[in-house]
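Me: I am new to this structure and would like to learn how to read its features one at a time. Could you take me through them slowly, giving the general idea before each case?

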Amino acid sequence: MKKIISGNKYSNDHLIYEILVIIFTTLSVVDLAIASMVCKSWNLASRSPKLWKKLDLSILSLKGMNEPLRPFAWMDQYSSQKITQFLKYTSSLSGGTISCIIFNYNVYLRDMHLISIAERTPNLKRLVLPISGNISKIGIETALRSWRGLKSITITSMVHYINLFDAIEKYCTNIVCLKFTYCFEQDHAKSLVKYTPNLKVLSIRSMRVNMRGLCYVLNNLEHLKVVNLRHSIILDKFDDELRIYSIFDVLSRVNISCKIIVCQRRSCLRCKNENMRNSRRLSNGSLEEIWREDEIICLAH
């Protein structure tokens, strides 16, 4: 009789665990962290690997701190310490299973934050950086040393591209997907060809793109499969004269087999969003949408 009761108890506990995991999949990372503190059974369920394939910090509101609604949010020392504590706690719940990290668009990222989470997420494959922060050469190198299996990065202006590509050369030789979110110049193109020769996917949408840089990439990255150029302005300067080019000008100068995504009226994400009326949209909403959205599925979040 005792064996039957014991078996039923195990069955019930397992059922409760599975139900909790299903419920927890609907929570934000902040709510999940709070739920993990309720009781032992909730804490156990909150550690399920099913919940921690992706650490999505895009929706973030911590106790005692307002939700970050503008770039350079949470720059003070108290906020910085809270972010570090939160990253350490959530990564401890994950058990090292996180393969994708999406930082909050507005939160100010420092070396201590990046290094702290890097040391606890050795299996990371995709990294989405925020728009603001202060990451040093040592900071990005220390982080990427822990992320040797990294394959995809969304790059923002908060880390200098020279420091980033120097670190990629040393530690991350398997990069196959990159997204730029500010501009694309000749120096960026040269770094791509030199340090990410196996690149397959590149998004440089909704920005200024240097013509010679673009042609250099298309002619020299032999593994490239798709390039997203939607809503980008392709230009270059000759003899102090600024010239704007069309996609047909590009195609006449390169020998490629990869797919190039360009804007077609009423078919791209930005066109659709501009036609939608949203009174709650923030003043920097369009910039955040460029960072968040992409016609290339593996680069959207």
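Me: Let me begin with the strands: in which sense, parallel or antiparallel, do strand β6 and β7 pair, and over how many bridges?

Reply: Please keep in mind throughout that this is a predicted model. Strand β6, which covers residues 152-155, pairs with β7 in the parallel sense, and four bridges connect the two.

Me: How does strand β12 run relative to strand β13, and how many bridges join them?

Reply: Strand β12 (residues 233-238) and strand β13 (residues 241-245) run antiparallel and are joined by five bridges. Within this pairing, K237 stands opposite L242 in β13. The two strands form a hairpin, with two residues between them.

Me: What is the phi of D239, and where is D239 found?

Reply: As a general idea, most residues other than glycine have a negative phi. D239, found in the loop between β12 and β13, has a positive phi of about 50° although it is not a glycine. With a relative accessibility of 77%, D239 counts as exposed.

Me: What value does phi take at H231, and where does H231 lie?

Reply: H231 also has a positive phi, near 65°, and it too is a residue other than glycine. H231 lies in the loop between β11 (226-228) and β12, and its relative accessible area of 26% makes it partly exposed.

Me: Turning to charged side chains, how many salt bridges does the structure hold?

Reply: The idea to carry with you is that a salt bridge is counted when a side-chain nitrogen of Lys or Arg comes within 4 Å of a carboxyl oxygen of Asp or Glu. The structure holds eleven salt bridges. One of them is between the side chains of E141 and K137, at 3.4 Å from N to O. These two residues are four residues apart in helix α6 (residues 137-146), and therefore about one helical turn separates them. E141 is buried, at a relative accessible area of 10%, whereas K137, at 35% relative accessibility, counts as partly exposed.

Me: Which other residue forms a salt bridge with K137, and how far apart are the closest N and O atoms?

Reply: D166 forms a salt bridge with K137, and their closest N and O atoms are 3.3 Å apart. This pair links distant parts of the chain, since D166 is in helix α7 (residues 161-171) and K137 is in helix α6, 29 residues apart. Seen together, K137, E141, D166 and K170 are linked in a network of salt bridges.

Me: Which residues gather in a patch of positive charge on the surface?

Reply: K125, K151, K200 and K225 gather in that patch. Taking one of them as a guide, K125 is found in the loop between α5 (111-119) and β4 (126-128), and K125 counts as partly exposed at 37% relative accessibility.

Me: Which residues make the nonpolar surface patch of about 270 Å²?

Reply: That patch is made by L15, I19 and I23. I23 is found in helix α1, residues 2-24, and counts as partly exposed because its relative accessibility is 44%.

Me: How far apart are the C-alpha atoms of V107 and F72?

Reply: They are separated by 5.9 Å, while V107 and F72 are 35 residues apart along the chain. V107 is found in the loop between β2 (100-102) and β3 (109-110), and it counts as buried at 6% relative accessibility.

Methods: Residues are numbered from 1 along each chain as its sequence is written. This is a predicted model: local features need pLDDT of at least 70, side-chain atom pairs count only at pLDDT 80 or more; totals for chains, interfaces and linings use all residues. Side-chain values use heavy atoms; hydrogens and water are left out. Patches are made of residues with over 30% relative accessible area and no salt bridge: like charges are joined within 9 Å, nonpolar side chains (Val, Leu, Ile, Met, Phe, Trp, Tyr) within 5 Å. Accessible areas come from the Shrake-Rupley method with a 1.4 Å probe; for residues, only the protein chains shown count as cover. Lys and Arg count as positive and Asp and Glu as negative; His and the chain ends are not counted. The place of a charge is taken as NZ of Lys, CZ of Arg, CG of Asp or CD of Glu. Buried means under 20% relative accessible area, exposed over 50%, partly exposed in between (1.4 Å probe, protein chains only). Two strands pair if DSSP finds at least two bridges between them.
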